[in-house]
Amino acid sequence: MLKICTVYFEGIYTPEYVSNLYRSLKRNSTTPFQFICLTDNENIEADIILPYNHHSEIKKHWHKLKFFSPQFAYQNAGADDIIVMDIDQLIVSNIDDLLGHPVSDNELLTYGQWWENKL
């Protein structure tokens, strides 16, 4: 199963960012996935909500490192794939090619800068 994971904590963004990402993924993909949010807010829109630990030495968005643990998010070793997404993204067209892109075991992929640099 494909698991799309994100993290939300109170601060810069609001829970609506998580909802907007979740809904835009559902609207623009035919690929089955579970949307997992690591958060301290029980009112987040996601398929699975996992607790964010404020009493950890890990701070804020660095909790994303937990996504690499084989015990995270009820993973099935060798069967599940994880995509980590920031909540300030919005999917505006079909994303099936990206979600279905082949990835080898222990391979980490990212996409390049897609916006215009005006500096």
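Which residue in S3 is the bridge partner of Thr39?

A: The bridge partner of Thr39 in S3 is Pro51. Two remarks on the basis of this answer come first. The model is predicted, so that local features need pLDDT of at least 70 and side-chain atom pairs count only at pLDDT 80 or more, whereas totals for chains, interfaces and linings use all residues. Residues are numbered from 1 along each chain as its sequence is written, and side-chain values use heavy atoms, with hydrogens and water left out.

Strands (E, at least two residues) and helices (H or I, at least four) are DSSP runs, numbered from the N terminus. S2 covers residues 33-39 and S3 covers 48-51. These two strands pair in the parallel sense over four bridges; two strands count as paired if DSSP finds at least two bridges between them. They belong to an open sheet of four strands in the order S3-S2-S1-S4, with parallel pairing. S3 and S4 (81-84) stand at the edges with a single partner strand each, so one side of each has no neighbour in the sheet. On average, neighbouring strands of this sheet are turned by 25° against each other, direction ignored. H1 packs on the sheet, touching S1 and S2, and its direction makes about 170° with that of S2. Axes are lines fitted to C-alpha atoms, for helices over the stretch in contact, and angles run from 0 to 180 degrees between N-to-C directions.

Helix H1 (residues 15-27) has 13 residues, which at 1.5 Å a residue should span 18 Å, and its end C-alpha atoms are 18 Å apart, in agreement. The expected span is 1.5 Å times one less than the number of residues. Val18, Ser19, Leu21, Tyr22, Ser24 and Leu25 of H1 are buried, that is, under 20% relative accessible area, with exposed meaning over 50% and partly exposed in between (1.4 Å probe, protein chains only). The buried residues of H1 pack against S1 (2-8) and S2, contact meaning heavy atoms within 4.5 Å.

The whole structure holds two salt bridges, each a side-chain nitrogen of Lys or Arg within 4 Å of a carboxyl oxygen of Asp or Glu. In one of them, Glu45 meets Arg23, the closest N and O atoms being 2.9 Å apart. Glu45 lies in the loop between S2 and S3 and Arg23 in H1, so this pair ties together parts that are 22 residues apart in sequence. Glu45 is partly exposed at 25% relative accessible area, and Arg23 is partly exposed at 45%. Lys26 forms a salt bridge with Asp47, with closest N and O atoms 3.8 Å apart. Since Lys26 lies in H1 and Asp47 in the loop between S2 and S3, the pair ties together parts 21 residues apart in sequence. Lys26 is partly exposed at 38%, as is Asp47 at 35%.

Beyond S4, Met85 lies in the loop between S4 and helix H2 (96-99). Met85 is buried, with a relative accessible area of 6%. Leaving aside neighbours within four places in sequence, the contacts of Met85 include Leu21 and Leu25, both of which are among the buried residues of H1.
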